[in-house]
Amino acid sequence: MRVGDELPPLEIPVTRTLIVAGAVASRDYQDVHHDAVLAQEKGSPDIFMNILTTNGLVGRYITDHFGPGARLRAVRIRLGAPNHPGDTMTLTGTVTAVEADTAEVRVVGANGLGHHVTGTVTVVLPRAGASGAGEVAV
């Protein structure tokens with residue numbers, strides 16, 4: 001792995017179920033995440049995904065790529081355009097730094113409205129063929 005390497009994109013269909021389930025799982029009961037009528041009354045065309053669901057999807061994107069032994073050290077994200085039902089969010093990533101057993105990845109999640117999420121993830125990498133905790137790959 002080198003600086004500049006790109007992770008393969010991951011397309012995530014944004015469904016009403018994903019939005020509501022993510023909100024419930026993170027105990028975020030704000031009506032804009034589960035009630036379309038109330039979301040519209042507050043100016044949104046529909047319900048939209050909460051930041052904790054987005055954070056989880058970004059983490060999944062990184063660990064799916066680097067493997068089950070990868071450990072997220074830091075996830076720093078900002079939300080932009082909302083994720084509404086019926087859209088697709090495409091996550092992409094670029095390695096921006098590598099030092100010893102740690103990499104930093106710039107992540108962007110785009111949908112039909114623009115960038116839903118941007119940020120960086122710092123990940124500790126598993127060692128190739130590692131079988132125990134604490135072993136890392138470079």
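A residue counts as partly exposed when its relative accessible area falls between the 20% limit for buried and the 50% limit for exposed. Arg16, at 40%, is therefore partly exposed. The model behind these values is a predicted one.

Arg16 has a partner: its side chain meets that of Asp46 in a salt bridge, with N and O 2.8 Å apart. The two come from distant parts of the chain, with Arg16 in helix α1 (residues 16-25) and Asp46 in the loop between α2 (36-41) and α3, 30 residues apart. Asp46 counts as buried, since its relative accessibility is 15%.

The salt bridges come to three in total. Another one joins Lys42 to Asp31, where the closest N and O atoms sit 2.9 Å apart. Because Lys42 is in the loop between α2 and α3 and Asp31 in the loop between α1 and α2, this pair ties together parts eleven residues apart in sequence. Lys42 is exposed at 57% relative accessibility, while Asp31 is buried at 19%.

Arg60 and Asp64 also pair up, at 3.3 Å from N to O. Both belong to helix α3, four residues apart, or about one turn of the helix. Arg60 is partly exposed at 37%, and Asp64 is exposed at 53%.

Then there is the inside. The largest nonpolar core has 26 residues, and Ile62, Phe66, Leu91 and Val107 touch the most other members. At least two residues each come from β1 (6-13), α3 (51-66), β3 (88-99), β4 (102-111) and β5 (114-124), with α3 giving the largest share, five residues. Beyond its neighbours within four places in sequence, Ile62 is in contact with Leu7, Leu72, Val105, Val107, Val121 and Val123.

Technical notes. Residues numbered from 1 in each chain as written. Predicted model: local features only at pLDDT ≥ 70, side-chain atom pairs only at ≥ 80, totals over all residues. Heavy atoms only, no water. Core = buried A, V, L, I, M, F, W, Y, C linked by side-chain atoms within 4.5 Å. Buried < 20%, exposed > 50% of the residue type's maximum accessible area, 1.4 Å probe, protein only. Contact = heavy atoms within 4.5 Å. Salt bridge = Lys/Arg side-chain N within 4 Å of Asp/Glu carboxyl O.
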